[in-house]
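Hi there,

Here is the structure I promised to pass on to you. Have a look at it first, and then read my notes below.

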Amino acid sequence: MLSPQIRALVKATAPVLKTHGEALTRHFYARMFQHNPELKHVFNQGHQAGGEQQQALAGAVAAYAEHIDDPSVLAPVVTRIVHKHVSLGIRPEHYAIVGKHLLASIREVLGEAATDELVDAWAAAYGQLADMLIAAEARLYADSAAKPGGWTGWRAFRVVGKQPESAEITSFYLAPADGGAVPAYRPGQYVSVRVYVPELGLMQPRQYSLSDAPGQDRLRISVKREAGGAHGPAGRVSNALHDRLEEGGVLDVAPPQGDFHLREDGEAPVVLLSGGVGLTPMVSILNHLVATGDARQIRFVHGCRNAAAHAMKDHVNDIAARRGNVRKAVFYEEVGGADRAGRDYDHHGRVDLRAIRDEAIVPDADYYLCGPSGFMRAQRETLLELGVTPDRIHAEVFGSGGAPA
């Protein structure tokens, strides 16, 4: 338990961290990778180059300082971090390395303001946080290992199928190379995979949502090729998977993790809202509900750029045609001459829940959201405006701040 004096010292740094936290975290990562270059294999170097990881860590450190009197309010964020750490293979020994470089960075960035008393207070606060994360991660590691077919760390999976789903998205069907079983997982969860990136000379991990129902003898991930351009550089891992991983190839895979998944403890209607490649966990949830004969009302609302980017169209259309409890609404931002309303898409423009309020807003439903951050913010705001309570909205964001990217 931290003393009142330590909590006061740490809490007093929150305003500084909100303003200058990114400078601190940039220094921290540069320092850590200089002294411990082996950790470059663990951290997403794309997020490092783009600044996403530094921003995410700066926000987390500032939030911890601000809520040091009652860290339990950060429980949802901590849960998400714990799942991601376990998926990446973060172990207790890594916390000592991180702590060493974080405290050194506080001294080096804050200069004279980093008194011995302040650094000692942060050392105690970091120790409390590390102990909490290590304990939670230990429980997840134990759970992963105890499941039939379960494991921890990395396991070799063989590509037993490769299927283009759109001009940008390709599905990879993965079976254990050792011939063993695949563990159960919750629809909506993700796995980490890692590949060697020659341009970096590093193994690099990425998280991808599982895009099919659990209970099968293989896993499926559906990966969008990040081609690069005005919005950022090309995705090294996604391009490596698309270009170099063929049927028969082998890929390192970590056990399924993630706190975003279907709530199966009730019979509430389900509304699945996705943008772009955010449909992958939604298809997993949809396939699971169909495979288990679930009779609850299901709405599948999806938005994408155009027909070329529309993945799994025929699959979802077929389910909606066969299942009376499933209704779908697809939005295309761009409509071509060959696109037919009702067959290829249902609405022109970006996803607008107000326009389909009678279809998409279902009393007492659970709403699941996944897609780009701007899409997520817009849909959440609209849902709240339309009377949906926050506890009914479950969100997964791709990126370093939250969801498999």
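Let's start with Tyr95: beyond its neighbours within four places in sequence, Tyr95 is in contact (heavy atoms within 4.5 Å) with His85, Ile90, Tyr126, Ala130, Leu133, Ile134 and Glu137. Please keep in mind that this is a predicted model, where local features need pLDDT of at least 70, side-chain atom pairs count only at pLDDT 80 or more, and totals for chains, interfaces and linings use all residues. Residues are numbered from 1 along each chain as its sequence is written, and side-chain values use heavy atoms, leaving out hydrogens and water.

Tyr95 sits in helix H6 (residues 92-110), while Glu137 belongs to helix H7 (residues 116-146); helices here are DSSP runs of H or I with at least four residues, numbered from the N terminus. Both residues are buried (under 20% relative accessible area, with a 1.4 Å probe and protein chains only): Tyr95 has 7% relative accessibility and Glu137 has 2%. Not counting residues up to four places away in sequence, Glu137 touches Val82, His85, Val86, Ile90 and Tyr95.

An unreviewed UniProt entry lists Tyr95 and Glu137 under "active site"; such annotations may be inferred rather than shown by experiment. The two are spread over 43 residues of sequence, yet they cluster in space, with a largest C-alpha distance of 12.0 Å.

How many disulfides are there? The count is zero, a disulfide being a pair of cysteine sulfur atoms within 2.5 Å. The sulfur of Cys304 has its closest cysteine sulfur in Cys370, 14 Å away, so it is too far for a bond.

Enjoy exploring!

Note on methods: Helix = DSSP H or I, 4+ residues; strand = E, 2+ residues; numbered from the N terminus. Buried < 20%, exposed > 50% of the residue type's maximum accessible area, 1.4 Å probe, protein only.
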